[in-house]
Amino acid sequence: MKAHIVGGGFAGLAAAALLIRDIKTPGSDITIYEADDKLGGGFFLDGDAEHGYNVPGSIFDKEFRCALNLLETITTQRYPRINVAEEFLTFNREHPFDDLTHIVDRNLNRVHDPLRYGLTLGDGLKLAKLSLTSEASLDGQLIRDWFPQRFFDTEFWLLWSTLMGSLPQHTIIEFRRYLNRFVYLFPDLSTMAHVFRSQFNQHEAFVEPLVAWLTKNGVNFERGAFVSDLDFTNTSGRMTVNRLHVQRANGPPTVTVAPDDIVLVTTGSQAADLRAGTMDAAPPPKPPHPGRSWALWKTLAAKHKGFGDPSVFFGDDKILDSRWVTFTVTTKRQEFLDEIINLTGSGTGSGGLLTLRDSPWVISLSIFEQPEILDQPPGTYVWWGYGLHPENKGTLDQKPMNECTGKEILREILYHLGMKQGKPTTETIVSSSICIPCDMPYVNNIWLKRKRGDRPPVVPEGMTNLGLLGQYVEVERDITFTFEYSTRTAFEAIRQLKGGPPPPPVYRGQCDPGGVWKATKVFLGLTKT
Ligand SMILES: Cc1cc2nc3c(=O)[nH]c(=O)nc-3n(C[C@H](O)[C@H](O)[C@H](O)COP(=O)(O)OP(=O)(O)OC[C@H]3O[C@@H](n4cnc5c(N)ncnc54)[C@H](O)[C@@H]3O)c2cc1C
């Protein structure tokens, strides 16, 4: 049996590792086809200290059961006796977030309502009702169909939406899944205790050790190889992939697939059509390969039923409700970090997010534990942030965020932190920093309105040797925008096609008395938030 894996993001890499670990597939029988020149997909690490880094930011928790199960098998590159899961859990245990100032208003006053984050008891009952409502009855409904405007004006909503990405016009289905998954986080939404992050960027923390392990096991990587189509044989409705069409610089344009081979396809990417700018240039308006990350899904869905509907998540008309613009700032001086420490009272790396509530883009900042990049030169610092509403015009340049240069974004942030243009500290920070803006038009599309069937099952009906991976495939209960979800789809595809072990069950907060009690205490005012 050979395995052909389309997509070298975490899903594809995880699938290769699970095949080796759980099915005993020799690594040399596995090929990963990745359209980009680099592996890692959404877990990217671009740039350098001289030109400015570009990283994605990071949010996890302890219940990433599939991903941690896999990463227990993978040793870290720095400490061969320590596995990646252990490194991640130990770091978070020893360095929990303690966000002392999570939200500030336009006057830089801390915004915090210690009583239920501004929610009413009625809101609590509504959330409980939603948690207990069956997902099947929520098709096509939006979050704003369930809650009044007042709910969206609360501190709770700002904390929730800046941490999780949801907006009022997004699907209630995913919101309900997040609610059940994270109910136990309620008392800590402001401090972010129990929210985890990787010790350094996800590419070096997760992707590189996994690629090193796969390489050691003989897996074949084809970078710059775009799989444009699959051919099938059809025997009485049972469909078997027998050929891949691959666009690549070297190698034949087709690859023959035997009936007992398996093909695992990543159907899309939250990093689709990503484009980075520079300190002096906004991200280019057009990506180099528009639509490439979901092109194969589109082709398959047009030819066969049971492959769902990519147009629910991708396409120009989706961008307004799914775009984020992130920025990664590389600075050679300490001044910015000192300003933030003074403002928030949280030390570098322990503060979680700082949200500038009244900035038009609703900017959130994250001051990473340093170094964020392993070979970051001493005396350099890297921090990150994003705008939840990049479509709004900024205060200084009156432009949407995706049209701004790195310098314009940096000045806007400093302005909302009270550091006006021309002041010595402001100018020192600007001249010693490189801010790389990154336009991600589809990063938040996992929240778009959907109904059952829009995401295909991991193994679409009738397929004998094809499994689907990633964020745009349906698995019960779990939440997207997570590498946990990608890993779970890999587990499921291999289980269904090759009889691998089942994935660890999804944590269900609504069935965990400890988790429910934590949230209840918040609503009864018994917990200091
Ligand atoms: C900015 C950002 C921040 C994130 N933060 C977090 C976080 O903190 N925690 C978390 O758990 N998750 C986070 N995510 C989600 C993260 O992307 C996923 O967790 C995980 O990396 C997804 O892996 P994947 O393989 O499913 O998809 P991707 O990583 O998107 O990889 C898919 C890959 O498939 C390739 N591909 C697609 N079609 C083809 C084709 N036809 N031929 C060849 N190659 C193809 C693409 O080029 C891409 O490299 C974040 C994502 C982004 C973009």
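Which residues does the domain assignment of the protein give to domain 1 and to domain 2? In this predicted model, domain 1 takes in 3–92, 199–307 and 449–498, and domain 2 takes in 113–189 and 508–523. Each domain is therefore written as a sum of separate stretches of the chain. Taken over C-alpha atoms, the centres of domain 1 and domain 2 are separated by 30 Å. Where the two domains touch, domain 1 supplies nine residues and domain 2 supplies 13 residues.

The ligand comes next. There are 36 residues around the ligand, and those that come nearest are Gly7, Gly9, Gly41, Gly42 and Ser269. Several elements give two or more residues to this shell: the helices and strands listed are α1 (10–22), β2 (30–34), β7 (226–235), α9 (292–303) and α13 (483–498). Which element gives the most to the shell around the ligand? It is α1, with three residues. Sorted by class, the shell has 17 nonpolar residues, 17 polar residues and two charged residues.

Two of these elements, α1 and α13, also pack against each other. Two packed helices are described by the angle between their axes and the distance between the axes. For α1 and α13, the axes come within 8 Å and cross at roughly 40°. The crossing in which α1 passes α13 is right-handed. From α1, the contact is made by Phe10, Ala11, Ala14, Ala15, Leu18, Leu19 and Asp22. From α13, the residues are Phe483, Ser486, Thr487, Thr489, Ala490, Phe491, Ala493 and Ile494. By class, this contact of α1 with α13 has eleven nonpolar residues, three polar residues and one charged residue.

A second pair of helices is α11 (residues 406–416) and α12 (residues 424–431). How far apart are the axes of α11 and α12, and at what angle do the helices pack? The axes are 11 Å apart, and the angle is about 150°. Angles over 145 degrees count as roughly antiparallel, so α11 is roughly antiparallel to α12. The crossing of α11 and α12 is right-handed. Lys407, Leu410, Arg411 and Leu414 of α11 meet Thr426, Ile429 and Val430 of α12. The residues of this contact divide into four nonpolar, two charged and one polar.

Notes:
Residues are numbered from 1 along each chain as its sequence is written. This is a predicted model: local features need pLDDT of at least 70, side-chain atom pairs count only at pLDDT 80 or more; totals for chains, interfaces and linings use all residues. A residue is near a molecule or strand if its C-beta atom, placed from the backbone, lies within 6 Å of it. Helices (H or I, at least four residues) and strands (E, at least two) are DSSP runs, numbered from the N terminus. Ala, Val, Leu, Ile, Met, Phe, Trp, Tyr, Cys and Pro count as nonpolar, Asp, Glu, Lys and Arg as charged, and the others, Gly among them, as polar. Axes are lines fitted to C-alpha atoms, for helices over the stretch in contact, and angles run from 0 to 180 degrees between N-to-C directions. A crossing is left-handed if the near helix is turned anticlockwise from the far one by less than a right angle, and right-handed if clockwise. Two residues are in contact if their C-beta atoms, placed from the backbone, lie within 7 Å. Angles under 35 degrees count as roughly parallel, over 145 as roughly antiparallel, 65 to 115 as roughly perpendicular and the rest as oblique.
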